[in-house]
Amino acid sequence: MTQVLTSEQVEVAADGAALYELSLEGRWGDGVPLLAATDDRVLALLAATPYEADHVIGALPPQYGLATVELAAVNAAMAGCEPAAFPHVLAALEAILTPEWNAFGLTTTTSSVFPMLIVNGPARDDLQIDYRAGCMGGAGGRGSMTIGRSLALCLRNIGGQRAGETSRCVFGQPARFGMCFGEWEERSPWPSLARRRGFRADQNVVTAHGGKGTFPMADINNDDPRDLLYLIAKSLAYPLSNMFLGGTGVNGEVIVAFNPIWADRFAVPFPAMESVQEFLWEHAWQPIELWPEGNQKILRAKERVDDQGRVHLVRRPDQIVPIVCGGLGSLHTIALPSFGESQMQSAAVVTGTSA
């Protein structure tokens, strides 16, 4: 289809340094150099999706700018996103604009929370979406870096998210530059995250999780996989988690990323994903006596304390979500703690040939 661009245009000298300075001055950059969103680059991105340029994906908080496909393409072009990866950006936008993801709350809160994108499907390798060593930082795959950054720029330039202004965030986190990684489906002993959420194995799927950061854990002392999984559960239930802070614990998911070696160990006693989640939930709690008296009253008022004096991290086993990714060095696992008042959302990637 022939696309007609309608976005405001800016004349810039063909000089990367000048563009960088202009992006800082205009506050539409993210603090590092970006590419010029030329007509050719934007049109190439638009050609990779069946949607019209003026198709509205939704109103993006916090200032509810209309996220058209063209504006998403402009930001993706600046992020260096290649056309084949652009449909993943649109899927990410679709996911975070699902009401249950609570985009307004997550873009305006004092918390460090930000969309963390988990990709499943056959396009991971072609797009260089990292799912092996260093997948959560440092691997440097183009797809991972540019898809996550595209979404972050959309939130900045379409949604109007500005730290200390429209966003009350206190610290932020490195993922606010953009975070996108894949699941190592081929090394998982369980169905992939996307399969568990109702998608087919041959579909490319983006799942958006409102994550507060990366919470690392390590072990070299436990040979029994049940002992190790028990300690992971206890570590997830740290007393100042957002899941104990507000609400009733019925919303939000905590993602636990197992390296493939540990996943294989856990799959021996827990061959079904549901059994892993049940075991984690059974042990992800702290005794009410752990908290000071005033805090205990709050937790009791919210009916978070069971008849044995335990305060579970979450209400249900399905709110603890294991995935498999990372290198083969073993020893480590990472949790992505939840904001709480947000439900993880997934969207299928729609390409120009599949719509």
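Visitor: Leaving aside neighbours within four places in sequence, which residues is Val 206 in contact with?
Guide: A quick note before that: this is a predicted model, where local features need pLDDT of at least 70, side-chain atom pairs count only at pLDDT 80 or more, and totals for chains, interfaces and linings use all residues. Residues are numbered from 1 along each chain as its sequence is written, and side-chain values use heavy atoms, with hydrogens and water left out. Contact here means heavy atoms within 4.5 Å. With those sequence neighbours set aside, Val 206 touches His 88, Ala 91, Ala 92, Ala 95, Leu 117, Ile 118, Val 119, Gln 345, Ser 346, Ala 347 and Val 349.

Visitor: How many residues does the largest nonpolar core have?
Guide: A nonpolar core is a set of buried Ala, Val, Leu, Ile, Met, Phe, Trp, Tyr and Cys residues joined through side-chain atoms within 4.5 Å. Buried means under 20% relative accessible area, exposed over 50%, and partly exposed in between, using a 1.4 Å probe and protein chains only. Val 206 and Leu 117 are among the residues with the most contacts inside the largest core, and the core's total is 43 residues.

Visitor: Which element gives the largest share of this core?
Guide: Helices (H or I, at least four residues) and strands (E, at least two) are DSSP runs, numbered from the N terminus. Several supply at least two residues of this core, including helix H3 (69-79), helix H4 (86-96) and strand S5 (205-211). The largest share is eight residues, and it comes from H4.

Visitor: Is H3 mostly covered or uncovered, and how many of its residues are buried?
Guide: Its buried residues include Val 69, Glu 70, Asn 75 and Met 78. They pack against H2, strand S1 (56-60), strand S2 (65-68), H4 and H6. So H3 is mostly covered, and the buried count is nine of its 11 residues.

Visitor: Which element gives the largest share of the lining of the largest pocket?
Guide: On a 1 Å grid over the protein atoms alone, a pocket is an open set of points where a 1.4 Å probe fits, with protein on both sides within 12 Å along at least five of seven lines, and lining residues have an atom within 4 Å of a point. Of the 29 residues lining the largest pocket, the closest to its centre are Glu 8, Gln 9, Val 10, Ala 37 and Val 74. The largest share of that lining is five residues, from H3.

Visitor: How many charged residues are in the lining of the second largest pocket?
Guide: Of its 17 lining residues, the closest to the centre are Gly 134, Cys 135, Gly 326, Gly 327 and Ile 334. Asp, Glu, Lys and Arg count as charged; Ala, Val, Leu, Ile, Met, Phe, Trp, Tyr, Cys and Pro as nonpolar; and the others, Gly among them, as polar. The lining divides into seven nonpolar, 10 polar and no charged.

Visitor: How many disulfides does the count come to?
Guide: A disulfide is a pair of cysteine sulfur atoms within 2.5 Å. Cys 325 is in no disulfide either, with the nearest cysteine sulfur, that of Cys 135, 3.9 Å away. By this rule, the count comes to zero.
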